[in-house]
Amino acid sequence: MKNVIIVSLLIWTFSYAASARLMFEKKDPNTELDTAKLIKKAGYPAEAHVVLTDDGYLLMMHRIPGKPGAPTIYLQHGIIGSSADWILNAIQGNENSLAFLLADAGYDVWLGNIRGNTYSRGHVSLSTDDLMYWNFSWHEVGIYDLPAMINYIVNMTGKPLKAYVGYSMGTTCFYVMGSERPEMLELMQSSYSLAPIAFVKHFKGFLRLLEPFSNELRLFLHVMGEGEILPQNFAIKILSKYFCSINHMEEKVCSNLMFTLTGFDNLQFNYSMMPVISTHVPAGASSKMVFHYVQEMRSGYFRQFDYGEAANMLKYNNLEPPSYDVSKIKVPHTIVCASNDWLSQPADVDQLISKLSIKPTVYKVPYENFNHVDYLFAINASKLVYEPLIRMINESN
């Protein structure tokens with residue numbers, strides 16, 4: 001059984017990264033453009049800013065600058081994602097990009113990139129070939145990356161954020177920051193969680209199969225990635241050629257493999273976008289991030305990384321890692337959730353809500369098949385999520 005799980009994970013890993021049109025195949029020109037170029041191609045100004053974290057990582061933020069004095073919005077991508085995630089849906093029209101809709105609404109829009117992804121691979125002393133570089137989870141993103149980027153924006157603009165908008169792991173990191181560095185919440189007026197992930201006991205789909213084999217998974221991730229998983233590099237693109245070719249049927253196969261993680265919603269996914277998506281996603285992450293979620297799935301807690309009893313005693317002075325105290329989050333908060341999201345399950349979202357000291361506003365997407373990736377790529381994402389979200393941001397104090 002263990003071998004079956006490992007083989008299945010291998011197949012899914014390569015298949016998910018598949019369907020990119022390689023250089024010797026006819027391909028969409030958008031596959032050649034980075035985030036800044038995609039923004040400019042859509043007719044908006046674009047900037048790139050480099051930020052240094054307290055522990056030495058160099059992060060790149062992309063910006064769609066607003067008029068002088070425009071209120072600022074910060075968008076944070078999820079795991080194996082990048083700032084491009086907020087732009088790619090504009091292939092179906094600019095009105096399908098949350099970043100562009102916010103810019104059109106008069107906001108100064110900032111797009112974060114966490115350590116280790118395509119745009120944030122620098123460090124003051126470590127190379128990405130060094131295993132020490134990849135010794136981080138979403139805990140470090142919450143206590144180092146988000147504060148560094150938010151402080152940079154506030155110092156640059158001279159005012160607090162109008163809103164923090166996180167998606168998937170971007171919400172996990174927000175909850176870590178709010179619990180461990182609650183003073184950062186004073187630098188924002190409101191916060192919004194799309195597909196919130198804190199407690200993950202009820203994960204569904206392929207990831208649920210991995211939970212009983214967490215020890216084997218940790219070894220597999222280490223062997224496969226040497227600390228990194230699913231980078232957006234040439235090797236992944238070569239592998240993709242042999243798992244998905246250029247015909248529409250095989251694009252569907254690759255997309256459906258993605259749905260085994262996130263929930264199925266064939267009607268809202270534009271399969272012709274898959275080659276462009278797969279040249280930007282995955283954008284790289286540390287294997288420790290994935291394993292941290294598997295630990296949470298097994299334990300049922302939202303807590304720091306579990307190094308084992310002996311190492312926990314040295315690091316935490318306790319046999320068990322400490323839990324994150326989300327009751328410290330004292331900023332107006334809105335949760336956007338969906339019933340068919342396999343990674344942000346209703347029972348887990350309810351548990352999170354019960355732990356918050358200030359009752360959040362809850363917006364449930366009015367479409368029963370809406371899944372985890374629909375927040376980024378759904379055909380009707382604008383009508384179902386983006387437009388209601390912008391109305392809520394506009395109406396917030």
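How many of the five residues of strand β3 (residues 72–76) are buried? Five of the five are, so β3 is largely enclosed by the rest of the structure. Here "buried" means under 20% relative accessible area, "exposed" means over 50%, and "partly exposed" is in between (1.4 Å probe, protein chains only). Keep in mind that this is a predicted model, where local features need pLDDT of at least 70, side-chain atom pairs count only at pLDDT 80 or more, and totals for chains, interfaces and linings use all residues. Residues are numbered from 1 along each chain as its sequence is written, and side-chain values use heavy atoms, leaving out hydrogens and water.

**Inside β3**
- Strands (E, at least two residues) and helices (H or I, at least four) are DSSP runs, numbered from the N terminus.
- In a regular strand, side chains alternate between the two faces of the sheet.
- On one side of β3 you'll find Thr72, Tyr74 and Gln76, on the other Ile73 and Leu75, and all are buried.

**Who β3 sits beside**
- Two strands pair if DSSP finds at least two bridges between them.
- β3 pairs in the parallel sense with strand β4 (residues 108–111) over four bridges, and Thr72 stands opposite Asp108 there.
- β3 also pairs in the parallel sense with strand β6 (residues 163–167), over four bridges; Leu75 stands opposite Val165.

**Out on the strand β2 side**
- Leu58 lies in strand β2 (residues 57–64) and is partly exposed, with a relative accessible area of 31%.
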